[in-house]
Structures are given as structure tokens and as C-alpha cells.
Amino acid sequence: LSSAAPISPAEPISQAYSLALYMQKNTSTLLQTYLQHQGSPFSDPGFSAPELQLSSLPPAAVPFKTWHALDDGERLSRAQGAFLALTQHLQLVGDDQSDLNPGSPILLAQLGAARLRAQGLLGNMAAIMTALGLPIPPEEDTLGLVAFGASAFERKCRGYVVTREYGHWTDRAVRDLALLKAKYPA
């Protein structure tokens with residue numbers, strides 16, 4: 001048996017932070033593109049429906065005091081769970097949009113790219129957790145039973161919540177990773 005040198009968390013943190021910043025630059029474009037392709041009321045100027053949520057997707061919003069009290073492992077574990085859920089939801093939204101908007105290659109490409117980036121961030125977070133000696137949460141089927149008979153409007157609402165929460169979780173990941181980056185400088 002040979003013992004490997006401990007892995008420094010600085011490099012995977014830096015990689016994850018860079019990816020999260022890149023993702024952050026694209027989240028508002030994804031949401032706007034998504035809304036434009038759904039028709040009214042989604043494409044109406046100023047459309048917002050913060051009350052819409054999905055029980056299978058954890059909301060990123062958390063009171064500051066609660067967020068500040070979380071330790072590194074809790075923050076990473078929650079982000080890991082959220083981005084796992086987001087990759088699965090983005091696949092579902094992409095499938096929905098292939099059916100609802102088959103002539104929208106830009107939207108479909110943006111949804112696919114967002115899913116791949118979320119998967120990449122998951123890998124980065126797993127590397128950080130490994131380097132910090134934290135357990136990596138097991139992968140789960142976060143979607144559970146999907147109502148395949150959902151109406152077009154229900155599928156559009158689901159996609160809106162997913163693309164909106166993708167942006168919120170990306171913002172939170174940038175904030176969480178900035179803390180780690182400061183704590184574990186290269």
C-alpha cells in the first residue's frame with residue numbers, strides 16, 4: 001500500500017469557482033431565451049412568478065443568518081443535491097421543449113449546455129468534498145414520478161421554475177465557492 005499525498009482543495013475550488021462564474025454569465029440569457037419561446041404570459045414584458053415552485057427542486061433562497069451558519073460541508077452538500085436535481089430537471093425541460101418548441105435550436109442548445117455545465121460543477125464539487133475529506137452525497141432520482149400527461153402550460157411552468165432556479169443556485173454556488181476560495185487560497 002502506498003499513501004498518496006493529500007489533495008489540496010485549492011485547485012478544485014478554483015476550477016469550480018471559474019465554472020460557476022462562467023455559468024452565472026449565461027443564466028439570465030437562458031431564462032430570457034426560455035421565456036421568449038413560451039408565448040404569453042411567459043414572454044410578456046416583466047413576467048415573473050416567484051410563487052411557482054417544484055417540490056422536487058430545492059429552492060436556493062435561504063435567510064442570510066441560516067446560510068452564514070452553515071459549515072463548508074453543509075453548503076457543499078446542499079449545492080451538490082441542488083445541482084444533481086437541476087441536471088435531471090434540465091434534461092426533462094429539454095425533452096419538454098423538444099416537443100413544445102422543436103424549431104428552436106438555440107433554446108435547446110442552451111438547455112443542453114446548462115445541463116452539461118451543471119454536471120461539470122457536480123464533478124468539481126465532488127473533487128472539493130473529496131479533498132476536504134467530506135462524504136459525497138449519493139446520487140438520487142430527484143424527479144421521482146413525472147406526470148407525462150402534463151399539459152403544455154404545466155410543462156412551460158415547470159421549465160420556467162427550473163431555468164429560474166438554475167440561475168439562483170448558480171448565484172449561490174458562486175457565493176459559496178468565493179468563501180471556500182478565500183479560506184483555501186492557492
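Student: Where is the place of serine 98?
Tutor: This is a predicted model, in which local features need pLDDT of at least 70 and side-chain atom pairs count only at pLDDT 80 or more, while totals for chains, interfaces and linings use all residues. Residues are numbered from 1 along each chain as its sequence is written, and side-chain values use heavy atoms, with hydrogens and water left out. Helices are DSSP runs of H or I with at least four residues, strands are runs of E with at least two, and both are numbered from the N terminus. Serine 98 has its place in helix 3.

Student: Is serine 98 buried, exposed or partly exposed?
Tutor: Buried means under 20% relative accessible area, exposed means over 50%, and partly exposed is in between (1.4 Å probe, protein chains only). The relative accessibility of serine 98 is 38%, so serine 98 counts as partly exposed.

Student: How many Å apart in space are serine 98 and leucine 108, C-alpha to C-alpha?
Tutor: Serine 98 is in helix 3. Ten residues of sequence separate serine 98 from leucine 108, and their C-alpha distance is 7.0 Å.

Student: Which residues does histidine 37 touch, not counting residues up to four places away in sequence?
Tutor: Histidine 37 sits in the loop between helix 1 and helix 2. With 28% relative accessibility, this residue counts as partly exposed. Taking contact as heavy atoms within 4.5 Å, and leaving out residues up to four places away in sequence, histidine 37 touches Asn101, Ser104 and Leu107.

Student: Which peptide bond is cis, with omega about 5 degrees?
Tutor: Proline 41 has its place in the loop between helix 1 and helix 2. With omega about 5 degrees, the cis bond joins serine 40 and proline 41.

Student: What is the reach of helix 4 from its first C-alpha to its last?
Tutor: Helix 4 covers residues 105-131, 27 residues in total. The expected span of a helix is 1.5 Å times one less than its number of residues. For helix 4 that expectation is 39 Å, and the reach in the model is close to it, at 39 Å.

Student: Which helices do the buried residues of helix 4 pack against?
Tutor: The buried residues of helix 4 include Leu107, Leu111, Ala114 and Ala118. Further along helix 4, Met125, Ile128 and Met129 are among the buried residues. The buried residues pack against helix 1 (10-36), helix 3 and helix 5 (152-183).

Student: Which residue with a positive phi follows helix 4?
Tutor: The phi in question is near 75 degrees, and it belongs to glycine 133.
Tutor: Helix 4 itself covers residues 105-131, and the residue with positive phi that follows is glycine 133.

Student: Why does the pair of phenylalanine 64 and tryptophan 67 count as tilted?
Tutor: The structure holds four aromatic pairs. Rings of Phe, Tyr and Trp (its six-membered ring) pair if their centres lie within 6.5 Å, and planes under 30 degrees apart count as stacked, over 60 as edge-to-face and the rest as tilted. The centres of phenylalanine 64 and tryptophan 67 are 5.8 Å apart, and the pair is tilted because the angle between the planes is 40 degrees.

Student: Which is buried, phenylalanine 64 or tryptophan 67?
Tutor: The two are three residues apart in helix 2 (residues 64-69), so about one helical turn separates them. Phenylalanine 64, at 55% relative accessibility, counts as exposed. With a relative accessible area of 4%, the buried residue is tryptophan 67.

Student: How far from the ring centre of tryptophan 67 is arginine 175?
Tutor: A charge sits over a ring if NZ of Lys or CZ of Arg is within 6 Å of the ring centre and within 35 degrees of the ring normal. Arginine 75 lies over the face of tryptophan 67, at 4.6 Å from the ring centre. Arginine 175 also lies over the face of tryptophan 67, with a distance to the ring centre of 4.2 Å.

Student: Which residues is arginine 78 in contact with, leaving aside its neighbours within four places in sequence?
Tutor: Arginine 78 lies in helix 3 (residues 72-100). Its relative accessibility is 40%, so arginine 78 counts as partly exposed. Apart from neighbours within four places in sequence, the contacts of arginine 78 are Leu70, Trp169 and Arg172.

Student: What is the radius of gyration of the protein chain?
Tutor: The chain has five helices and zero strands. The radius is taken over C-alpha atoms, and the globule rule is 2.2 Å times the number of residues to the power 0.38. For 186 residues the rule gives 16 Å, and the chain is as compact as a globular protein of that length because its radius of gyration is close to that, at 17 Å.
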